[in-house]
Amino acid sequence: MEHVYTDGSGLFTRNLVPGEAVYGERLKTQDETEYRFWNPRRSKLAALILKGCDVFPFAADSTVLYLGAASGTTASHLSDICSRGVIYCVEVSPRPFRKLVSLSESRKNMMPILADANKPEDYQAAVGRADIVYQDIAQRNQAGILLKNLGLVRERGYAFLMVKARSVDVTKRPTRVYDAVEDELSRSGVNVLQRVNLDPYEKDHAALIAQK
Ligand SMILES: C[S@@+](CC[C@H](N)C(=O)[O-])C[C@H]1O[C@@H](n2cnc3c(N)ncnc32)[C@H](O)[C@@H]1O
């Protein structure tokens, strides 16, 4: 896994903006390089890596469309990893968006977009074609939102969907919800490569990794 490091105690990314922590995470310097601790209880992508991720397409020059960026916790680690690429950070809520804007002042590869991920037509001109879409949105129509945004991903590009079972249907067992989301994607021609349960880092959440 390129650009993700471990010292045996946890995951780290190389800090793109040395001296600056984003969410109070620990910084450490080794051989004159500064790293940021990547907390799996704050970031589902870190949880996914620790649980075992077969595909990790995030590279130094990747273009990522990030849906539900909130105040940029996970997006900031992708900004470390994709240091020569771009992270388009879509967020609908103005409050976390303000933090995204201030982060993007020092992290030049983060592009904040205040928009509803249900309406990709509002930001498709800015994004163009991404290599990867990463979605972490606690809404009922999580699969539907992802499918709408796949038009902004290049052919054979990847999708990372963090599914919150309780947002889709509180009455169903989480595994049934993951099955239904996976079915919806497969029926639309998306190739689901892996499903990873994020327990114990995130209860009732799973990550789906898919390819267009
Ligand atoms: C679980 S939080 C994301 C945490 C973030 N991905 C991280 O790991 O740092 C979900 C975010 O999705 C945002 N959201 C919900 N519905 C949305 C929509 N339709 N379009 C864009 N963002 C949305 C919420 O405002 C919230 O900030």
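**Salt bridges, a helix and a pocket**

Analyst: At 0% relative accessibility, Arg-36 counts as buried, where buried means under 20% relative accessible area, exposed over 50%, and partly exposed in between (1.4 Å probe, protein chains only). This is a predicted model: local features need pLDDT of at least 70, side-chain atom pairs count only at pLDDT 80 or more, and totals for chains, interfaces and linings use all residues. Residues are numbered from 1 along each chain as its sequence is written, and side-chain values use heavy atoms, with hydrogens and water left out.

User: Which side chain meets Arg-36 in a salt bridge?

Analyst: A salt bridge is a side-chain nitrogen of Lys or Arg within 4 Å of a carboxyl oxygen of Asp or Glu. Here the N to O distance is 2.6 Å. The pair links distant parts of the chain, helix H2 and strand S4 (residues 33–38), 44 residues apart. Helices (H or I, at least four residues) and strands (E, at least two) are DSSP runs, numbered from the N terminus. The partner is Asp-80.

User: Is Asp-80 buried or exposed?

Analyst: Buried has a cut-off of under 20% relative accessible area. Asp-80 has 5% relative accessibility, so the residue counts as buried.

User: How many residues of H2 are buried?

Analyst: H2 is mostly covered. Among its buried residues are Thr-73, His-77 and Ile-81.

User: Which strand holds Arg-195, the partner of Glu-182?

Analyst: Glu-182 and Arg-195 form a salt bridge, with the closest N and O atoms 2.8 Å apart. Glu-182 lies in helix H7, so the pair ties together parts that are 13 residues apart in sequence. Arg-195 lies in strand S10.

User: Which side chain of opposite charge is nearest to Glu-202?

Analyst: Lys and Arg count as positive, Asp and Glu as negative; His and the chain ends are not counted. Glu-202 is buried yet has no salt bridge. Its nearest side chain of opposite charge is 4.4 Å away, and that is Lys-44.

User: How many charged residues are in the lining of the largest pocket?

Analyst: Strand S5 (63–67), helix H2 (73–81) and strand S6 (86–91) each supply at least two lining residues. Ala, Val, Leu, Ile, Met, Phe, Trp, Tyr, Cys and Pro count as nonpolar, Asp, Glu, Lys and Arg as charged, and the others, Gly among them, as polar. The lining has 11 nonpolar and seven polar residues, and the charged ones number six.
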